[in-house]
Amino acid sequence: MSVPRPGRRPARQDCRLPAQPGELLDRARPLSFTWDGRRYDGYCGDTIASALAASGVRIFSRSFKYHRPRGILTASALDPGCTVQVGDEPNVRAAGRQVSEGMDVRPQNVWPSLAHDVGSANRLVGRFLTAGFYYKTFIKPQRLWPTYERVLGTFAPGGRVSGTSKPGYYDQRYAHPDVVVAGSGPAGLGAALSAAETGAQVLLVEEEYDLGGSLRWGGAAELAQLLALRAAVDAAPTIEMLRNSVVAGRYDDNWISILQRGLPHVEERLIKARAKVLVVAPGLIERPYVFAGNDLPGVMLGTAVRRLINLYAVRPGTRAVVLSANPEGDAAVADLQRAGVEIAAVLDARRGEDLRRAVGGTGVKAAELADGRRIDCDLVVTSIGWTAATSLLNMAGDRPWYDASAARFRPSDDLPPGVLATGGLVGDGSTDELLAHGRAVGAAAAARAGFGQAEVPGPLAVRMHPALFRASTHGIIDYSEDVSSKDILAAAAEGYDSSELVKRYTTATMGPSQGKLETVNTVAVLAEATGKRIDELGTTVWRPPYAPISLGALAGRIHEPVRHSPMQSWHEAYGAVPLVAGAWIRPDHYGDPQAEARNVREGVGIIDVTPLGKLDLRGPDVSKLLNLVYVNRWSKLEVGSVRYGVMCAEDGVVMDDGVTGRLDAQRYLMSTTSSGAAAVWEHLEGWLQTEHPDWQVHINPLTTYYASINVAGPRSRELLARVTEGVDLSPEAFPYMRVRTGRIAGVDECLMWRIGFTGELSYELHVPASYGLHVWNALLERGADLAAAAFGVEAQRILRLEKGHLIVAQDTDGLTKAYEAGLGSLVKLDKDDFVGRPELVWQQELGEARRLVSLQPVDGSVVPPEASQIVRENTILGRITSSRRSPTLGRSICLGIVDVSVAEPGSMLTVLLPDGRRIQAAVQPQLAHVDPEGGRLRV
Amino acid sequence: MPARQASARYSAFGLLRRGLTRGEWPAAWRHHDLAPAYDVIIIGAGVHGLATAYYLAERHGIPNVAVLDKAYVGGGGSGRNTAIIRSNYLTPDGVRFYDRSVKLYESLAAELNFNVMFSQRGHLTLAHNDGSLRTMRWRAEVNKLEGVDSEVIGPEDIKALVPYMDVSPEARYPIMGALYHPPGGTIRHDAVNWGYARTADAHGVQIHQNTEVTGIDVDGGRVHGVQTNRGPVSAPVVVNCTAGWASLVSGLAGLRLPISTHPLQAAVTEPVKMFLRTVVVSGTLHVYVSQTDRGELVFGASTDPYPSYSMRGSLEFTEELAGHVLALMPSIAKLRLLRQWAGLCDMTPDFSPIMGITPVEGFLLDVGWGTYGFKAGPAAGEAMAELIATGKTPDIIAAFDLARFAEGRLVGEKGAAAVGH
Amino acid sequence: MFQIPCGHCGLRNVAEFRHAGEQRRRPDPQTATPEQWRGYLYTQVNEAGWTRETWYHRAGCRRFVSVQRHTVTNEIRPVDTGAPPSAAALQAGADAGAPDAGAPDAGGAAS
Amino acid sequence: MSENAPIARSPLRVTRPAEIRDGWELSAARSSAALRLADRTPLAKVLVRAAQDGQVAGRLGVPFGSARRDPAGTLVVGSGPGEWLLFGPLGSAAEVAAGVDVADDALVSVLDYTHGRALMRLTGAAAAQTLAKVCAIDLSDRLTPDHAAFRSTVAQVATDVVRDDVDGTRSYLLHCERSSGQHLFDALYDAGEEFGLEADGFAFP
């Protein structure tokens, strides 16, 4: 790409007309920008395309397959030939985007440049690039396809995204309007105004920069009417007006997505509106005509020249041939004449006059007429019919029908509730008729939203319109996909003869304009090919979004919840390496997990276990609930005691585990795994609410009411004694598996559980969270001489593995039942019922197929990575679920789940390491590698 | 035996000749009247039904087969999936089966004389926490034991494969590693459907579009044929290949299945110049993405969180998708989403298919594919054809029988069911 | 984003709820045969039409609500009777968005 | 025991300057911005659970979905079916809890939730517009007038929202479980920036 040369004199705006009555330009504010590295001038209010066209630019891009030159066709956001790169933004619609000072605009799909374009060699072979070309070739040999593919890939259309752009500020908001009006032509304006008059809240959304639709290029009368309507909208207190914004989708229950652009501080904003009623009024899209050369620069639609002349004061050519089938086409002729364009010929399609082809290389040079005449010209204008933009109705479930007399699809008579249509979508009429229909629909919309009374009016009368789709010659049907009418015929002949199949086979309608210009012509040519009628074939389903939406807007501000414990500031200050555990950010370690673990075995350590799930259970029936959801028994748990429990789902699969303590007769505190906290709460509520609504139990979450600190190690009692008041910590008074309440570091109502996930004498403190940091600091200060130190999750994992404690979802998987997990001794099948009981009964009868065991590699210096497979030759017998180096034993230790046939203590297993080595490991007599008798935690 | 069609071979030469003569290609498949009886009726003209029909005719000399579809060829999940092919599953049964499918895909273009554009560009499944990294290693180890090329790689290697990826440890979901599966890639799904249809047709199989099965004739515990909107047809064997609609079709035979139907949504962006060569999947972020030869990014996610037969698609899907894609590749925020759509997935409790015989004699199942159906097409068709022709269930699908649910023999894919596309 | 009428909170976006499954009766765990029990665990009616199901209002009142939903249109009718939904609601496995096996395990700090 | 007296801390970063009052670290900042977001976590919070149609419910007299100030100035919020949250001045949790007459109901739970929840107040004419960027509930007077209460997701966190206008100015109390507090605060701050939001200090209510 050439670099901008701002110094160089800009191109003169030779095609710029004197001021037009309805022009959108602010001539007081000229600006300049670069196109393909060269400087151009324009005015504030110009689109990129209009500014370039004013300076005589005719070629904006090259087509995707044949690399044919392309120029302005519709002069609207849909214009397929006017897609450009603006800075780091790809695929900008040059005819729909306003140009701004200093904008860096570049062409796409051109290599090396617009002028010299090797790709256009494709045009020579174009005749061979028939429908389904790729399916029929590059077939053999398969190994070469990737090579072909890379070459083809370089011809991919579109602009470039950068790998380094900083994402801008995109956001979203919710809205709850009574009425959303999509489109601000006369009908849309009427609907918005009359709905607002009832007091309804109205969101009026216009895709373009200005309200008014076709009124904007009407005569003096229309312009005057438009001014009045704009004033009325501005004055209406309950209308929120969004310009340069688009209703992108309509989803279930009138959930409506609106893309809002042009905000000062936001790149783009996605508005999610729950509308009581959606009024669809996008108007009509002018349909291109299919004939030879219909994609040459200089071939334009009637509405395109009217936009260029009236809105942007651009003279679209010097000598024109016009094919008109409707009054709008005739009006285009008048506009052209007014703009000083010589009218070489006007063909009236209503009288059977027709075009045959547009002739030229890089632009129109002449037009060949059906009667054989050849007329030199640089502009060919067609106004041969309309397509109703029914996408939003389609998304609402409506199936439009083909009205042959109007030669266009129209909405069905019974639209889904909450959706109404007006304007060109439902019929034709004068500005006043459209306005009146819009007003009636707006009143009906308000009524449906609960404001006033009004019936939905019938559709507008529909003007007869000749059915013109294709001339006697073949031309392009899908400009962005380079699909010709010949391709459609070929596809149909090959059996791809339904609108869905022909779309998929030729890719017609699958490009950036999503069929708005192409669908009806595609169906019409398919009808021609199959001898069917258009209404028999129907169109393909329009899918959201109506207009492309940036990923940034869809993502909005990214609010991924993050959870921190009250001690987070300390962890950060002391160099904790963070562990992302779902929403929780936890300290994985503080530098040396092995040392942290050793310190727990030898002295005392403290760990932040705040994420542990904690549920307050109270009421007379709590023990019933516990007996139901845990596999073990709870009836006899005394006040002041805690017990380890295992939960299974109805299929017997282990779902969670934890310790539950009885604080008084009717009050328990249940702890769950950190990741399982929410699921367990929901699980308990479910059983209570749906199966046992009669049980008297309240479940209240306390997970973050408490800061939870585990104080572990032989000297934990000594440390705790220094900060605790009101609790006798002696082994006799406070033995293993008991819970006490007392004052810690001056904080009342602290819970202390004597339990030991680490296998050491340890106390789990649950401290009112606001005091968490205070207690944490107190423990470290008062324990300084005991070398009390914090340890992280990694050290805890090492310690629990030395103890052979399993971690649900690591040492178990989605199918591991209680017996396989080595938890069989806990399962009390003599309980009448508990969740998952039947499956466990059967597993116990049949015996389990796999079992969780402890393993020690013969070579203790090797730590088999977790998930290493346990094999016999190449048959899988199990896998390592947890493995670490044990600082206590000075060797590697593992948990693994293995086939029962090899689960006996002493059996020697082969572990296949990821690097391919095979090592031997012995099954241990019990799960615990360290202190199997549990002496250390009972001291 | 029905007439075979001498179908014109596809080749560059053929294109050249027709380019010069402007001659037309013959129809890829023909229209037929519905015959009163066939040897086999297959319900569903997606890749499973068409592949089954093709292998029946081509491998087992059973061409008297009717493939019935209520709509058109490849109109269901086979034409709506994101066309990702891989075999890096978790269980040996799964790996073996999908590896067979990959092997068949590798030679499919030549076998069908139809370029299916199988692009083995490599497949990355990202791990954002130690748990999923463990699962990736688990899959890699099982894959290697089954002779499938998979390995766990680190952030640097990931960055080398996907330069636009944010592999910084500060990311909200830091990338700790990935399962890299070089043989994985993408394919042109329509081409696979059409290629099977065209070649099956050439072997005498009849494809009936717009033919909806409205009833299944079961008498004395065995199937005798089906009722359709075009009249009754009899056959001793009826195969259910209807994916999202599997429960409804089986219901016609009085059979209830452990299946619930969930929409699976997908979307494409506008085309941009090629910047993403491999397939990228993140289970934690529930997103997968690849770039087509046309330059579009194709996105998918996990199935909708509730059962539904709606294919309208949802806004929240695109919002979550975009957020997660930008979490991986923050610089592409200006890329625009062009179109979204949905297909229906027949989800089973163990994320594994249900294939083979049922309590209704002659009524066979090839369903329960969930989000994995397209990857399985060729191997499933091959196995179902063998089952029909020999009456014996091939070992490769033995683990996927319907009876496993009543007998509590679920398949372990559930252990690692991330959004593994 | 369709809406679910919550008896306590009114119309709310479906995103606030978890789908808790088709309503079904839990067999007597004492007498159920494996076939019956696994039918209850796994078999789905999977109706394409009106179905009676349970949703958990996770982000709202945290109550389990019964609704009738048309599974093709996602149209919802409140369930007239306050009949309690069923244990099927409780299947942790009910989640369809296939859970990531490497589900973020918060350190597994199970005491 | 520890020599230094316990200091209670909110999960939200303190907006400087900070002060210690009644054992709490508080923000003494004062903002006069038109839109303000302030930490209210230290306020006493008491959770009451009782039968929806029981005696306690009757005495509290606030149905789910609304809020009311009792004569003592305690804000009683109907936060769920058979569930109430009572907000009182700093350090008043015990009194507030004691003030709940639990007689005549089969099962009543009264819990001090002060330390379990993050609480913040968003005040200003643009408060509704700000909240509407992160919360899907209709905030119009029609659906959520002053003293309306609801629970929904705000910035993807399950949050209790109470509209509690201050001298006619739109104001919302938002509270969520404690560990997500900073996230919720940050999300609201981000949403409010375009309206000139400033962080404000602690006050009651």
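**Where chain B meets chain A**

Biologist: How many salt bridges does the rule find across the interface of chain B and chain A?
Modeller: This is a predicted model, where local features need pLDDT of at least 70, side-chain atom pairs count only at pLDDT 80 or more, and totals for chains, interfaces and linings use all residues. Side-chain values use heavy atoms, without hydrogens and water. A salt bridge puts a side-chain nitrogen of Lys or Arg within 4 Å of a carboxyl oxygen of Asp or Glu. One of them joins Arg504(A) and Asp190(B), at 3.1 Å from N to O. Across the interface of chain B and chain A, the rule finds nine.

Biologist: Which element gives the largest share of the side of chain B that touches chain A?
Modeller: Helices (H or I, at least four residues) and strands (E, at least two) are DSSP runs, numbered from the N terminus. Elements giving two or more residues to this side include α1 (12-21), α7 (189-202) and α9 (315-328) of chain B. The largest share, nine residues, comes from α9(B).

Biologist: What is the area buried between chain B and chain A?
Modeller: Buried area is the accessible area (1.4 Å probe) that two parts lose on being put together, summed over both. Here carbon and sulfur atoms give 56% of it. The area is about 8,600 Å².

Biologist: Which residue in β17(B) is the bridge partner of Ser550(A)?
Modeller: Strands pair if DSSP finds at least two bridges between them. Strand β30 (residues 549-550) of chain A and β17(B) pair in the antiparallel sense, over two bridges. In β17(B), the partner of Ser550(A) is Arg336(B).

How values were computed:
Residues numbered from 1 in each chain as written. Chains lettered and ligands numbered in written order.
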